[in-house]
Amino acid sequence: MDDDRRSAFRDAGDDRTTAAGVPQTPQTLSPSYRLAFADDDFLCQKELRPVRLQLELMKFEMLLDQHGIDSTIVLFGGARIPAPADRETARTQTLADLSHFYEEARAFAALMTERSVASGNRDYVICTGGGPGVMEAGNRGADEAGGVSIGLNIVLPHEQAPNPYVTPDLAFNFHYFAIRKMHFLMRARAICVFPGGFGTLDEMFEALTLIQTGRMDRVPFLLFGRAFWEKIINWDALADAGTISPEDLELFRFVESADEAAKTIDEWKPAPKRDEIPGRSQR
């Protein structure tokens, strides 16, 4: 007997297989007869939302544990940024001009993956949203460096399959944005944000808010492309207005290249998790 479970009870998977082979009768064909954990219609009912949230939290966490992955390097960035070879297909001139960040993401992922491979693919594992553009570049760089990488896809009406460079056993699909964002950050050793749109901004500001409020440890937080970020976000205006504090601008650094990003991560001075929010009165 090769059952490695500690329990003396019959395995749930065996019962699922047995139940699928019972004779077809009016009783066994009734939805009420299905095993609850193998009944998709039951699991998709609104009352089961807490269970579905728990399942999405647990599945990814358990699989990373099984793969022995302790830490990740997270890459956020636009799905519409093309590879330089495809810049002529870009929807706008700005996207074409941003195409060099595809190569920087690819090169940076390769640099981090060299460290990951040296750790036995336990640390510095590249983690992206699994889609095209910057995400593809990150997974591609990891693949070309001989390592593994993670892709955290989410079901969207228009979404295609994960990009082909995601390690198949580390390709995940989510229903809940909130759980997906938790998994991006739970094992993050560094967060790297490339130019992007609403999704990238959402991910960036959520992570910054968690760090700003002390809900997450401070980690290297890099924004690739100062010109882009300073054009779309007036950081100093936020500080001048008092809606953030000048100290909040120290939570991240601007970088332009893969080499600069790697150097910044290496030189990042550890800082304690915040126990108060600068500029906000304590009650």
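Begin by selecting Arg52, Leu55, Glu56, Lys59 and Asn173, which lie nearest the centre of the second largest pocket, a site lined by 16 residues. A pocket here is an open set of points on a 1 Å grid over the protein atoms alone, where a 1.4 Å probe fits, with protein on both sides within 12 Å along at least five of seven lines, and lining residues have an atom within 4 Å of a point. Helix H2 (40-43), helix H3 (49-66) and strand E4 (171-174) each give two or more residues to this lining, and the largest share, six residues, comes from H3. Helices (H or I, at least four residues) and strands (E, at least two) are DSSP runs, numbered from the N terminus.

This is a predicted model, in which local features need pLDDT of at least 70 and side-chain atom pairs count only at pLDDT 80 or more, while totals for chains, interfaces and linings use all residues. Residues are numbered from 1 along each chain as its sequence is written, and side-chain values use heavy atoms, with hydrogens and water left out.

Next, select Gly78, Ala79, Gly197, Gly199 and Thr200, the closest to the centre of the largest pocket among the 41 residues that line it. The largest pocket has a volume of about 1000 Å³, the space filled by probe spheres set on grid points joined across faces, edges and corners.

Finally, select Thr128 in strand E2 (residues 125-128), which counts as buried because its relative accessibility is 0%, where buried means under 20% relative accessible area (1.4 Å probe, protein chains only).

Notes. Buried < 20%, exposed > 50% of the residue type's maximum accessible area, 1.4 Å probe, protein only.
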